[in-house]
Amino acid sequence: MEEAAAAELASGARDALLARLEEQATAENVPIIERQSAVLISLLTRLVRPDLIVELGTATGYSAIWLLRGWPQARLITFEVDESRAAQARRNLAEAGLAERTEVRVENAVGGLARLPSESAAVVVNDVLNGLRDELRVEECFRQVMHVLKPGGLLLADNELGAGGVQGGETREVRCVRRWNQLVAAEGSLSGSIVPVGDGLSMAVRHAGAAP
Ligand SMILES: C[S@@+](CC[C@H](N)C(=O)[O-])C[C@H]1O[C@@H](n2cnc3c(N)ncnc32)[C@H](O)[C@@H]1O
């Protein structure tokens, strides 16, 4: 049953719950990931087959549902500072039948990551780059992400293009996205790229052995 659902979702089809969350996001200005990026992160999760996914920025649980449907054996820990959004996410994940595989933590993701076991997550999704205050927070976020990311694991970050992060400009969001990209590029244990899908998705793999 879950296999069939995953195959259907990988082609971009979505059920009534996901369609409703997309409509709600538009109506209420909830900044969820674009659908084509959601399809891609779901497919990537299916390739990596993670035990544990860690997500920074839950909102209403839209991307969390795609991630978990990507790989039926995965558990997800997801961080959200907004209590009301976290409560909605819990309800939506329960409606999707995914509550038992998910832990929605109401706290700042950067502090929360520090308390997770070292190298415990095979997929980490950073969807708070637009919400971080400055480049110093981005640097701390990156340090904590590297603390939880397993060797061989996949690191994803959304909003690479919308904020103009790879094109220039000087808003806070641009500086944060640019700093993130610099950190990923400078980290010798990561190999990555930026894919112009949706709002732009950065993806990088942490080498399991010696860097190529
Ligand atoms: C882009 S939205 C997440 C969208 C979600 N991943 C999706 O695609 O369905 C970012 C969310 O992160 C939350 N947020 C911002 N900074 C945060 C932080 N430092 N720690 C945890 N949550 C944060 C915001 O309240 C917002 O709901």
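Q: Where does Asn159 lie?
A: Helices (H or I, at least four residues) and strands (E, at least two) are DSSP runs, numbered from the N terminus. Asn159 sits in the loop between strand 5 and helix 8 (172-186). This is a predicted model: local features need pLDDT of at least 70, side-chain atom pairs count only at pLDDT 80 or more, and totals for chains, interfaces and linings use all residues. Residues are numbered from 1 along each chain as its sequence is written.

Q: What is the phi of Asn159?
A: Most residues other than glycine have a negative phi. Asn159 is not a glycine, yet its phi is positive, near 70°.

Q: Is Asn159 buried or exposed?
A: A residue is buried if 20 or more other C-beta atoms lie within 10 Å of its own, exposed if 12 or fewer, and partly exposed in between; C-beta atoms are placed from the backbone. Asn159 is buried, because 27 other C-beta atoms lie within 10 Å.

Q: Which phi does Ala59 take, and where is Ala59?
A: Ala59 has a positive phi of about 50°, although it is not a glycine. Its place is the loop between strand 1 (52-56) and helix 4. Ala59 counts as buried because it has 23 other C-beta atoms within 10 Å.

Q: How do I read the sheet?
A: Start with pairing: two strands pair if DSSP finds at least two bridges between them. Here seven strands form an open sheet in the order 3-2-1-4-5-7-6, with mixed pairing. Its edge strands, strand 3 (102-105) and strand 6 (190-195), each pair on one side only.

Q: How do strand 5 and strand 7 run?
A: Strand 5 (residues 149-158) and strand 7 (residues 201-206) run antiparallel, joined by five bridges. Ala157 stands opposite Ser202 in strand 7. Asp158 stands opposite Leu201 in strand 7.

Q: How many bridges link strand 6 and strand 7?
A: Six bridges, in the antiparallel sense. Leu190 has Arg206 in strand 7 as its bridge partner. The hairpin of these strands has five residues between them, and there Gly198 takes a positive phi near 55°.

Q: Which residues come nearest the ligand?
A: A residue is near a molecule or strand if its C-beta atom, placed from the backbone, lies within 6 Å of it. Of the 20 residues around the ligand, Ile33, Gly57, Tyr62, Ser63 and Gly131 come nearest. Helix 4 (62-70) and helix 6 (109-114) are the elements that give two or more residues to this shell.
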